[in-house]
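Welcome, and please get your viewer ready. We will go from one selection to the next.

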Amino acid sequence: MAALARILSRLLDDRRAATAVEYALLGSLVAVGCIAALLAFGDSRDGMWTRMAEHLVAAMGGGP
């Protein structure tokens, strides 16, 4: 029982785990922000590539 108490005490005193959790939370926040931006601007991005392809085809002398 004393060994378990000693292990738990060492885990609670270790600050490296807190830093790892902070980095994990920060990374997940960045990921959520990227996903939200992609969802918000996804349609306009698709339209941009479509317009760009149409301009390239027209510049090459093809298409309508």
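Which helix is Ile 7 found in? Select residues 2-13: this is helix H1, and Ile 7 is found there. Helices (H or I, at least four residues) and strands (E, at least two) are DSSP runs, numbered from the N terminus. You are viewing a predicted model, where local features need pLDDT of at least 70, side-chain atom pairs count only at pLDDT 80 or more, and totals for chains, interfaces and linings use all residues. Residues are numbered from 1 along each chain as its sequence is written, and side-chain values use heavy atoms, leaving out hydrogens and water.

Next, select H2, residues 16-59, and center on Phe 41, where the helix bends by about 55 degrees. That bend is the angle between axes fitted to the seven residues ending there and the seven starting there. Beyond H2, pick Gly 61, which has a positive phi near 90 degrees.

Finally, zoom out to the protein chain, with its 2 helices and 0 strands. Its radius of gyration is 26 Å, well over the 11 Å of the globule rule for 64 residues, so the chain is more spread out than a compact globule. The radius is taken over C-alpha atoms, and the rule is 2.2 Å times the number of residues to the power 0.38. Draw a box along the principal axes: the C-alpha atoms fill roughly 80 × 20 × 15 Å. Of the 64 residues, 2% count as buried.

Notes:
Buried < 20%, exposed > 50% of the residue type's maximum accessible area, 1.4 Å probe, protein only.
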